Structure formats: structure tokens, C-alpha cells
Amino acid sequence: MAASVVPDFRWAEAPSSSGGAVIVGGGLAGLFCALKLAPLPVTLITAAPLGEGASSAWAQGGIAAAIGEGDTPAAHAADTLAAGAGIVDPEIAHLIAREAPARIDDLLRYGVPFDRDLEGKLALSQEAAHHARRIVRVRGDLAGKAIIATLISAVRATPSIRVVENATLEELVTRDGRVGGIRLRRNGRRSFLPARIVVLATGGAGHLFAVTTNPIEAHGDGLAAAARAGAVVADTEFVQFHPTAIDIGRDPAPLATEALRGEGSILVNSRGERFMLPLHPDAELAPRDIVARGVFSEIAAGRGAFLDASKALGSRFAEHFPTVHATCLSAGIDPAVQPIPVAPAAHYHMGGVATDTQGRTTLPGLWAAGEVASTGAHGANRLASNSLLEAVVFAARIAEDISGLSGGPATSAAPEDIGAVGPTADPREVRELRELMSRDVGVVRRAEGLRRALRRFRAFESSSLAPELRNRATASLLVAAASLARTESRGAQARADCPDADPALAHRSFLTLDTARALADAQAPAELCPAE
Ligand SMILES: Cc1cc2nc3c(=O)[nH]c(=O)nc-3n(C[C@H](O)[C@H](O)[C@H](O)COP(=O)(O)OP(=O)(O)OC[C@H]3O[C@@H](n4cnc5c(N)ncnc54)[C@H](O)[C@@H]3O)c2cc1C
């Protein structure tokens, strides 16, 4: 079975703009899109209070943009293409690189205090797999926090944006084959919000896994709602695992940033062996997916994995990495002298709802931006600091697309109460789903485990009455089905039973929920590796 459904779908026709827009999600993509849409009326729905429950606010690196001397968008695009393991869409890589400087200017205009050098120019740092200094940051590791705080102030000061906090999207409602509104739950009640224009900006799906760096809100509601409403999804098999989440039993797991390895910290097992040395010439500085698999193997073999900064940083640790230092101390570990226990954690979803260059999905009236979308920018592996960039580039494009629609005077509709919330998710079942994802759809996958997981996801999908559980099961199904169909290892997808890349599969994958369900229900194994 080929890994890809040939994309014979069509991008949706745009509706009229009358009725204003509903944006679901208050991270970078949602906030930026809302600001760009002003003065068009916007209702911005978010599951948590603004500033909380969003990965954007946790970003420690920054945003990539080719604005340094000698750097070019073409060079940025080339690094993006190389990182994506052969399946990045070149048009999209060039598009985001080209539009990056203008979006950084927008953020500066909104008031984001990016770091500057002594001459007053933006200070640029370098990250793994970027061949130039092109990351803009804020006070070291505070980019996400500063950007989100600035945009929230701007949103609060914009009268055309109505913010509805603590409201959770349960499903998209379609009428006559197009978006007609959304069903939400808030304060124990369910409501229907009529809308002909919906922008999904619900972030990633890391919380589908037992170990993740993502906030609890990131469990794939947007992805599931779009697929359940008929939208095509893409590249859902590709989940990036961060190799060094701090393994101190917290959920979400705090990060030991990559910069620690950049400063010379080493990875060792419980015997003190530096296990990355034989695995890659760059050892700890190998690409993220390779380090994640190295850490995973040591843990699976019972030897554990630890990040040792005692020689590289020692007493300088607290000054250079205050956040990580404080986290370790709170768990009784002094990272200046003791190794930090680490584990791979689901960190970023390269896949999502398939979108075109305007952020349109295949469902009329539905756009998607940020991590919930799959634009083709990341392929099988995301280049560091390209995700915040992709979020602003596509949020702006979507706003331009929607603003250009014809339509009558735009008004904002009010939600209609449709009753009390029904059953809620049983925490034991949520735990079972998350553990299944980590065990069978995690860092290293096999057809047998994927099939086992798919059967459980199908059962949950059809029997769960709680919308959260159903959406979790649907989103998990989309990840596992695409992984089963991709009978090769490429980038973040590691199949122990298909360890090589298959040149015939060097393309993106596109799925509908029906196709994913059919794969899950297939009796005979349809997914043989080329070598079998
Ligand atoms: C710890 C960490 C560090 C990172 N560092 C970087 C970095 O340095 N550079 C970089 O480029 N990328 C980084 N990333 C990735 C990047 O932060 C995300 O990809 C990006 O912020 C996603 O933005 P978003 O707006 O799509 O989603 P988010 O910022 O996650 O926002 C999603 C929003 O949707 C809401 N939501 C979710 N579900 C629902 C629902 N059902 N109903 C209503 N609202 C809902 C959430 O509450 C939230 O408001 C990092 C990620 C993590 C977790």
C-alpha cells in the first residue's frame, strides 16, 4: 500500500466574508491572524485563558528569518529543505523564507522587544542545521513569552476582536458541504456558534502521548474536528520527539534545551558511557531524531539516559540556563554537579490539516494556521525555529485571503446554548490512550504495534460518548494510520521493521479519516516494506 493518497482533492472555494471570522486558538497563529484581520469582526475562542495553554508562550529558541548580512531567503529555504528529509514542499519553503523578514517587522511594530546588538541591529543567533545566524530571540530564552505577552496586549486593545476564554471546540458543524459553525463547551454548558469562516489555530498534538513537552490543551482537537468534518490531513505520521525532556515525572515534561548540548554537555547512560559517540559523527549534536532514538534505545535497554553538564558548565549552569537550573533544583537535582535524567518527549507535529498557500483547507469555509496545519513547510522533520515563523506567515496569508472575500456588512454572531455538557473523559481511558501512543506510535514503531494501537483507537472512536476522548482517539488514529501506511523510515518516522528510506515514498502523505479508518479495519496486513 502506498504511503500517500494522491492529492486529487481540491482546495476549497472561498465563501463570502459576511458574518465575520471565528478563530479557534489563542497561541501565536490565532492572535496574529486576529490582529491582521482587524477591523473585520473576529471572535477568538481559546480553551484556556489567553497566555496559558499555548506552546507559543513556551518557545525558548526564537523565530528564524534570513535578515543577517550575507544570509538570503534562498539559503534559509535550502536549510529547510535539507532538514525535511526529502519531502518538504519547495514552494512553501521558499515562501516562508521570503516572507519572514516582513513578519518580523510586523512583530516589531506590535512591540515585541527582540534582542539587539550594540549598534541597535537585531541580534541573531544560530541553531542546529541552520547554516547562518538567523534566529531572533528575546532575552535569551524568553522569545515565546515576550511575543505572546505583546500580542495579547495588542489583541485586548483591538475593539473588533471579541475574546472568549475557557471555551473548548468540540466539533465543526457542516451545512451543505461547508462550515456552518462550531460546537463548544464552556462553564459546564455546550453551545453552538454559527460561523461561515473558521480559522483553526489549535496548536499541536503532543499531549496524545504519555511523555510530551506540550501543554495539556495540545491533544489534537482541531486536527480531529477537521478530519471528522471531512477535511484532508497531511503528513500526520511525522511527530518530532525532543531528545532531552527532563524525566522527573512531570506532565508536561520540562525541557533541557538543545543549547545545553551546544555548550558541550554530554549524554551518558547509568554506566557513564557516552552512548551517542558510536551512533553519529556529531554525537550529542546529531540531528534531533537521531539523538531521540539514541536516548530511547538506552532507556529501552534499561540503562537510562542522562545529560551531564558538570564538566561543560559546572558552576556557570545557573547563570546561563536559569530556567533549567530552577527546574532541576525543584526536583532535588543540582545540574552543576549531577547528571540530569532525560527522556524523549513528543514535541512538535509536522503533520496536520492539509492547507494550500492561502491556508485554505479542503473544506469550504475552513482555514488552518500554525501547528494544527500541514503546509508542507516541515516535511519529515522541522528545522528549529521554523514553526513560529510558519505560524505568522500563514496567519497573515489567511487574514489577507479572508479580508479579500466579497460579502455584505460583517457582523459577529452570538453563541446559542444547546444544553449541559454530556459525559466527560475518564482519566483512566485518557491515560490508556496516551500510553498506547507512546508505546506503539512513539519514537520507534513497528507494524504489529501500530495495528494493535489502531484497533484500540477505532474502538474508542466508535464507543466514546465524551467528545474529548473521541477527538483524542480520532487524532491518534490519524497519526498511527499514516505511520502504518508509510512503510519506510524517514526523518521523524522510525519503523524498526522498515529501517530504510524508500525512494518511491519520497513524497508527502494525504489522508481522509475514511481512508485512515479503512486502514485500521483492514484484516490483511497491507503494509509490507519494500524488502519483504
Ligand atoms: C517547550 C516548547 C518550546 C518550543 N520552542 C520553539 C522555538 O523556540 N521556536 C519555534 O519556532 N518553535 C518552538 N516550539 C514550537 C512552537 O512553539 C509551536 O509550534 C507554535 O507555538 C504553535 O503555535 P500555535 O499558535 O499553532 O499553537 P499554540 O501556541 O499551542 O496555541 C494553540 C491554542 O489553541 C488553544 N486550543 C487547543 N485546543 C483547543 C480547543 N479544543 N478549543 C479551543 N482552543 C483550543 C490552546 O489553548 C492555545 O490557545 C516549541 C514548542 C514547545 C512545546
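P252 lies in the loop between β12 (239-246) and α6 (259-262), and a cis peptide bond with omega of about 0° joins D251 and P252. The model is predicted, so local features need pLDDT of at least 70 and side-chain atom pairs count only at pLDDT 80 or more, while totals for chains, interfaces and linings use all residues. Residues are numbered from 1 along each chain as its sequence is written, and side-chain values use heavy atoms, leaving out hydrogens and water.

**Overall form**
- The protein has 14 helices and 20 strands; these are DSSP runs numbered from the N terminus, with helices (H or I) of at least four residues and strands (E) of at least two.
- Along the principal axes, the C-alpha atoms fill a box of roughly 65 × 65 × 45 Å.
- Of the 532 residues, 59% count as buried; buried means under 20% relative accessible area, exposed over 50%, and partly exposed in between (1.4 Å probe, protein chains only).

- Helix α10 (residues 386-403) has 18 residues and reaches 26 Å from its first C-alpha to its last, close to the expected 26 Å; the expected span is 1.5 Å times one less than the number of residues.
- In α10, 16 of the 18 residues are buried.
- Helix α13 has 19 residues and reaches 27 Å from first to last C-alpha, close to the 27 Å expected, and 19 of its 19 residues are buried.

**The loop at L465**
- L465 is placed in the loop between α12 (447-463) and α13 (467-485).
- L465 is exposed, with a relative accessible area of 64%.
- Leaving aside neighbours within four places in sequence, L465 is in contact with P423 and R470; contact means heavy atoms within 4.5 Å.
- The C-alpha atoms of L465 and R452 are separated by 22 Å, and these residues are 13 residues apart along the chain.

**Backbone features in other loops**
- The peptide bond from A38 to P39 is cis, with omega near 10°, and P39 is in the loop between α1 (28-37) and β2 (42-45).
- A85, in the loop between α2 (73-83) and α3 (90-110), has a positive phi of about 60° although it is not a glycine.
- A85 counts as partly exposed because its relative accessibility is 25%.
- D235, in the loop between β11 (233-234) and β12, has a positive phi of about 55° and is not a glycine.
- D235 counts as buried because its relative accessibility is 2%.
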